[in-house]
Amino acid sequence: MSGVPTLNPFSPGAASISHLFMAILFVMLAIFLLVAALVTVAIIRYRDRDGAPEARQEFGNPRLEIVWTLIPALLLAVVFVFTVRTIHASDPPIAGHRPDLRVIGHQWWWEADYLGSGVVAANEIHIPVGRQILVEVESADVIHDFWVPELGRKIDAVPGHPNHIWIRADKPGVYLGTCAEFCGNQHAWMRIMVVAQPAEEFAAWQRDQLAVPAVPESGVAAEGARIFRDQTCINCHAISGTAGNQRIGPDLTHLAGRRIIAAGAAENTPANLFSWLKDPDSIKPETHMPNFQLSDAQAHALVAYLETLK
Ligand code: CUA
């Protein structure tokens, strides 16, 4: 979606934050213009001129001091009331609700576990349109922060301390988010892509995600499947229908259906996948994805296999 995300809300929670931001911005703008105008008048009117007497000096003016204390105090009180209302609107209570989704921050990608269906996704999170989704946010390593500005507030992903957040998209579309807490070298490439779909499309997506892909039996893709098993990819990545069930790196069961790789550092194309496998650092320096010194033939075979994982 285009525009400044914070000013472009697609959920009631995000809208309440956006309105508060705009209201405070206008108050601040009014104060700024008033102060700038007064300073300008003072500079012109009381500037040093030849022969002009020294301006009258004021030492203490209780009435003025009370006025300039009361006005800001009143303004702050109004801002406080609106802020408390926004906090309630953007962060409804979770008591009695079970999370729909568990999102786990890793250095530097996002895991998404659908608690109802068992789907495991990475970086690209699908949700049904118009429904409040309760997300449990956790971390596998350091503190991250889950933020999709158009859909809701921010929330920290703290290791050992699950937090909760409601997100919702009232219009189908792709909403971009990011990790909003500095978490190491590739913090900037820890993007979130939320795909909001009509209920039937979302249900179809979940069914597709649960399908177990066939392991290719011949050709280059079969060679790729063998490399996946033998070259220790399997030590970190899961692919259903294979022996791979580790959750250190992203689940690759339906990798080919995703739009991005490396948490947004590159588009998911065969060419980018090839570069990623050959030299992950060329796409994302210091990524935890190791460089296995694959030959071109090995990398091509792996790409051929991964491309079958629709
Ligand atoms: Cu994760 Cu910044």
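**Sheet, buried strands and pocket in a predicted model**

Author: In this predicted model, five strands form an open sheet in the order β4-β10-β9-β6-β7, and their pairing is mixed.

Reader: What makes β4 and β7 the edges of the sheet?

Author: β4, residues 124-128, and β7, residues 155-157, each have a single partner strand, so one side of each is left without a neighbour in the sheet. From one strand to the next, the twist averages 30°.

Reader: How do you know that β6 and β9 are paired, and in which sense do they run?

Author: Two strands count as paired if at least two bridges are found between them. Strand β6, residues 144-147, is joined to strand β9, residues 173-179, by two bridges, and the two run antiparallel. One place to look is W147, whose bridge partner in β9 is T178. In general, the strands of a sheet pair through backbone hydrogen bonds, which may be arranged in a parallel or an antiparallel way.

Reader: Why is strand β10 called largely enclosed?

Author: A residue is buried when its relative accessible area is under 20%. In strand β10, residues 191-197, six of the seven residues are buried, so the strand is largely enclosed by the rest of the structure.

Reader: Which strands pair with β10, and in which sense?

Author: β4 pairs with β10 in the parallel sense over five bridges, and here P128 stands opposite Q197 of β10. β9 pairs with β10 in the antiparallel sense over six bridges, with G173 standing opposite A196 of β10.

Reader: What makes strand β5 largely enclosed?

Author: Strand β5 covers residues 133-139, and six of its seven residues are buried, so the rest of the structure largely encloses β5.

Reader: How do you know that β5 pairs with β1 and with β8?

Author: Pairing asks for at least two bridges, and strand β1, residues 101-106, is joined to β5 by five bridges, the two running parallel. Strand β8, residues 163-167, also pairs with β5 over five bridges, but in the antiparallel sense.

Reader: Why does R229 count as partly exposed?

Author: Exposed means over 50% and buried means under 20%, with partly exposed in between, so R229, at 47% relative accessibility, counts as partly exposed. R229 lies in helix α4, residues 219-230. From R229 to G244 there are 15 residues in sequence, while their C-alpha atoms are 7.6 Å apart in space.

Reader: How do you know that the largest pocket lies between two domains?

Author: Domain 2, residues 101-210, and domain 3, residues 219-306, both give residues to the lining of the largest pocket, so the pocket lies between them. A lining residue has an atom within 4 Å of a pocket point, and 34 residues line this pocket, with H237, G249, P250, W276 and M289 lying nearest its centre. The volume of the largest pocket is about 610 Å³.

Reader: Which elements supply at least two residues each to that lining, and what is the lining made of by class?

Author: β11 (260-261), α5 (270-278) and α7 (296-306) each supply at least two residues of the lining, and α5 gives the largest share, three residues. By class, the lining of the largest pocket holds 23 nonpolar, eight polar and three charged residues.

Key:
Residues numbered from 1 in each chain as written. Predicted model: local features only at pLDDT ≥ 70, side-chain atom pairs only at ≥ 80, totals over all residues. Heavy atoms only, no water. Helix = DSSP H or I, 4+ residues; strand = E, 2+ residues; numbered from the N terminus. Axes fitted to C-alpha atoms, helices over the stretch in contact; angles between N-to-C directions. 1 Å grid on protein atoms, 1.4 Å probe; cavity = no way out; pocket = protein on both sides within 12 Å on 5 of 7 lines; lining within 4 Å. Points joined across faces, edges and corners; volume = space filled by probe spheres on them. Nonpolar A, V, L, I, M, F, W, Y, C, P; charged D, E, K, R; others polar. Domains from an automatic or database assignment. Buried < 20%, exposed > 50% of the residue type's maximum accessible area, 1.4 Å probe, protein only.
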